[in-house]
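Me: I have a chain open in my viewer and would like to talk through how it is put together. Could you take my questions one at a time?

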Amino acid sequence: MYPLAFAKEGEEVVVKRIDAGCGAMQRLASMGINIGSKLKVIRNQNGPVIILTKGCNIAMGKGLAMKIIVEKLHD
């Protein structure tokens with residue numbers, strides 16, 4: 001397991017843990033990101049991390065992405 005901020009572009013991951021406070025947890029939940037959510041990393045270079053979840057692209061800063069602990073999906 002590792003932070004979402006370390007995931008490679010094109011990688012599909014599942015959220016295992018979120019190490020954030022109440023406000024950040026609510027913000028992530030409002031974006032559809034909860035424990036068990038499947039995400040695909042679209043962009044993770046300079047600037048925000050862009051992920052695809054439930055058909056929507058979402059951009060988030062590296063700080064927030066560091067709090068989302070994920071595991072690579074093994075299909």
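Predicted model: local features only at pLDDT ≥ 70, side-chain atom pairs only at ≥ 80, totals over all residues.

Me: Does Glu11 count as buried or exposed?
Reply: Residues are numbered from 1 along each chain as its sequence is written, and side-chain values use heavy atoms, with hydrogens and water left out. Buried means under 20% relative accessible area, exposed over 50%, and partly exposed in between, with a 1.4 Å probe and protein chains only. Glu11 has 12% relative accessibility, so the class is buried.

Me: Where does Glu11 lie, and which residues is Glu11 in contact with beyond its neighbours within four places in sequence?
Reply: Helices (H or I, at least four residues) and strands (E, at least two) are DSSP runs, numbered from the N terminus. Glu11 lies in the loop between strand E1 (2–3) and E2. With contact meaning heavy atoms within 4.5 Å, and those neighbours left aside, the partners of Glu11 are Tyr2, Leu39, Lys40, Val41 and Lys72.

Me: Which strands does E2 pair with in the antiparallel sense?
Reply: Two strands pair if DSSP finds at least two bridges between them. Strand E2 (residues 12–18) has 3 bridges to strand E3 (residues 38–43), with Val14 partnered by Lys38. E2 also has 5 bridges to strand E6 (residues 68–72), where Val15 stands opposite Val70. The antiparallel partners are therefore, by that two-bridge rule, E3 and E6.

Me: How many disulfides does the structure hold?
Reply: A disulfide is counted here as a pair of cysteine sulfur atoms within 2.5 Å. Cys22 is exposed at 65% relative accessible area, and Cys56 is partly exposed at 44%. The number of disulfides is 0.

Me: How far apart in space are Ala20 and Met66, C-alpha to C-alpha?
Reply: Ala20 is in the loop between E2 and helix H1 (22–30), and is partly exposed at 23% relative accessibility. Ala20 and Met66 are 46 residues apart in sequence, and their C-alpha to C-alpha distance is 9.5 Å.
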